[in-house]
Each structure stands twice: as C-alpha cells, then as structure tokens.
Amino acid sequence: MDRIVVLITDPDFVWLVITTALALGSGLLSSWLTYRYITRQQFLEEHQMQAEGERHERVRAELVKWSNDVIAAVDDLHARLGSVLYHNSYLALDPAFVRRADSMWSATYDYYMTSTLFLFGQFLGWLQLLREDVNIEIFDNAEENRSLASAMLNVSKSLGDFPLTHCMGRDAQLFRLQQRAIADLFIVDEGDEHRTLRYHEFTERMAKTEFAVHFQPLTEMLAGVRPDGDCRWQRLEHLYGSIARLQGICHTVLGHHRVASLSIDNPDM
C-alpha cells in the first residue's frame, strides 16, 4: 500500500499516467473521427455506388425487355401507313384490287389487309403492355413519362375521336374499348413473360369468327380508303403524324443508345 501511495505522489508517475491517458484518449478520439468523417463517408459512398449500380442494372434490364419489340411495332406500323399514304399501296386495300399479271409487286388484297391488321394489333398489344407493366425507373425524369403517356393517348385519339377533322366524307373509328379488345387479343402470357401474337398465329385465329369480329371496325377504316373525299384518309394522315411523334419518344426513352449508355456507365454489367 505504501508503495502505491508513493507511486501516486510521485510526479513522474502522475505525469506518466496523465500522458498515457491523453494518448489513449487521443487514439480513441482519432479512431472516432476517422470513422465519423472518413470511414463512414467511404461506407456511404460505396453503398450509394452499389445502389446506383443496382438501379442501372434494373433500368438496363427493363430497357432490353421493351426496346426491341416496342420500337419494332411502332416502326413497322409507321412504315406501313407511310406506304399506304405516300407510295400508292392504298390500292391493295381495295377489296376489288386485282394484281396485274405483269406487276412486279406480288401483294394481294387478302395479304395486304391481313398484314396491315396484324401490324395494328401488334402495335396496340405492345402499347397496352407498356402502359400496364413498364417500370417508371426507365425514365430520366417525370417529363419523359408524361411525354410518352401523352403520345400514346394522341395515337388512341387519332384512331377513335369523332369528329377528328372537319371532313364531310366517309369516316370510321376504332374506339378505345375496341382498341383495348384488339390489344388484349394480341397479348400472350407465357409465365411471367409477355409477347404478342406472331403472324402465323394471327392468321390462324382470324379464321374464327369470334376473333375476327373484333377487327371489323379497323377493316372498315382501311378497306377501300382513298385520298379523295374520304375522311378515313385524313384520319390515317393524322394517325401517321401521331405515331411519328410516339416513334421519336420511344427511340429516345427506349432506344439502344440508352441501353449502351448504361452499359458504358457500368462496364462490369
């Protein structure tokens, strides 16, 4: 005990205790500061980078899921309408159309009408799937989401609104519920995956009256359409413009350049 008292009263010992305590305290403080301002910050940055990488992967996977099929459906219908409106292929939509023996174009009315109906159905089916299932993370901002929704609505209005123009000739509409019916008929569920009918599947089903009846309004819009004195022609022109605007947005939002940019940002994907 006497020795302990001596040690406690020894100035050198007291100073040793104080400096040791200060050193230990300084170490603890240094460790806490390192965690608080360096280690913790590094952890947060790494966690943020991981979360951002996971989000990029979700977006990339979502874009891959939609881009090819949706863009192909939009491009194909836009091209077909362009051919009808600006390259005289409307002639093959006339039930009285007869291919000339010396014609190099082998299309018949049956083929051209059936394939045009198919392109409409494929287009409506993919748009319906896009409305129902798309992950909103694919949009860079809310404006992209609004623009896509607005463009799809304008296409629907081009098909179904009455009156669409001030034209006084023959007209026909495909109303929104009729559009939805065609979309539903075209959508094929395969487990968790979705697709639309393939052409051979469509032609087989068109042989069934209960299936084909849903395409009658669209057939009436297309059959015998002509550029002169026909409101249906103006409707197709309006639709062509609406699809062109949708096409531009789809290429911006879903295009391969966006998939590529995500892959470049995350080269390990």
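Biologist: Among contacts in the chain between residues at least 6 apart in sequence, what share joins residues at least 24 apart?

Modeller: The share is 72%. Keep in mind that this is a predicted model. Buried residues make up 36% of the 269 residues in the chain.

Biologist: What is the order of helices and strands along the sequence?

Modeller: The chain has ten helices and two strands.

Biologist: Why is the pair of Y86 and Y240 called edge-to-face?

Modeller: Two values decide it. The ring centres are 5.4 Å apart, and a pair needs centres within 6.5 Å. The planes stand at 65°, and planes over 60 degrees apart count as edge-to-face. Both conditions hold, so the pair is edge-to-face. A search of the whole structure gives 13 aromatic pairs.

Biologist: What makes Y86 and Y240 a link between separate parts of the sequence?

Modeller: Y86 belongs to helix α2 (residues 11-86) and Y240 to helix α9 (residues 231-254), so the pair ties together parts that are 154 residues apart in sequence.

Biologist: Why is Y86 called partly exposed?

Modeller: Its relative accessible area is 48%. Buried means under 20% and exposed means over 50%, with partly exposed in between. Y86 is therefore partly exposed.

Biologist: Why is the pair of F186 and F202 called tilted?

Modeller: Their centres are 5.3 Å apart, with 40° between the planes. Stacked requires planes under 30 degrees apart and edge-to-face requires over 60, and the rest count as tilted. F186 is in helix α5 (residues 176-186) and F202 in helix α6 (residues 199-205), so this pair ties together parts 16 residues apart in sequence.

Biologist: How do you know whether F186 and F202 are buried or exposed?

Modeller: The relative accessible area of F186 is 0%, and F202 also has 0%. The cut-off for buried is under 20%, so F186 is buried and F202 counts as buried. Both belong to one aromatic cluster, together with F118, Y199, F211 and F215.

Biologist: What makes E143 and R146 a salt bridge?

Modeller: Their closest N and O atoms are 3.0 Å apart, and the limit is 4 Å. The two residues are three apart in helix α4 (residues 142-160), which means a separation of about one helical turn. E143 is partly exposed at 44% relative accessible area. The count for the structure comes to eight salt bridges.

Biologist: Which residues are linked in a network of salt bridges?

Modeller: The network links E132, R180 and D184. D184 and R180 meet at 3.0 Å, N to O. Both lie in helix α5, four residues apart, about one turn of the helix. D184 counts as partly exposed at 40% relative accessibility, and R180 is partly exposed at 35%.

Biologist: How do you know that D230 and R232 form a salt bridge, and are they buried or exposed?

Modeller: The N to O distance is 2.8 Å, which is within the 4 Å limit. D230 is buried, and so is R232.

Biologist: What makes R80 count as lying over the face of Y112?

Modeller: R80 is at 4.2 Å from the ring centre of Y112, where the rule asks for a distance within 6 Å.

Biologist: Which residues touch the most other members of the largest nonpolar core?

Modeller: They are F123, L236 and L246, in a core of 59 residues. Helix α3 (109-133) is among the elements that each supply at least two residues, and α3 gives the most, with 13 residues. Leaving aside neighbours within four places in sequence, F123 is in contact with A73, V74, L77, V155, I243 and L246.

Biologist: Why is L119 called buried?

Modeller: L119 has 11% relative accessibility, and the cut-off is under 20%, so L119 counts as buried. L119 is placed in helix α3. Not counting residues up to four places away in sequence, L119 touches D76, L77 and R80.

Terms used. Residues numbered from 1 in each chain as written. Predicted model: local features only at pLDDT ≥ 70, side-chain atom pairs only at ≥ 80, totals over all residues. Heavy atoms only, no water. Buried < 20%, exposed > 50% of the residue type's maximum accessible area, 1.4 Å probe, protein only. Contact = heavy atoms within 4.5 Å. Phe/Tyr/Trp six-rings, centres within 6.5 Å; stacked < 30°, edge-to-face > 60°. Lys NZ or Arg CZ within 6 Å of the ring centre and 35° of its normal. Salt bridge = Lys/Arg side-chain N within 4 Å of Asp/Glu carboxyl O. Core = buried A, V, L, I, M, F, W, Y, C linked by side-chain atoms within 4.5 Å.
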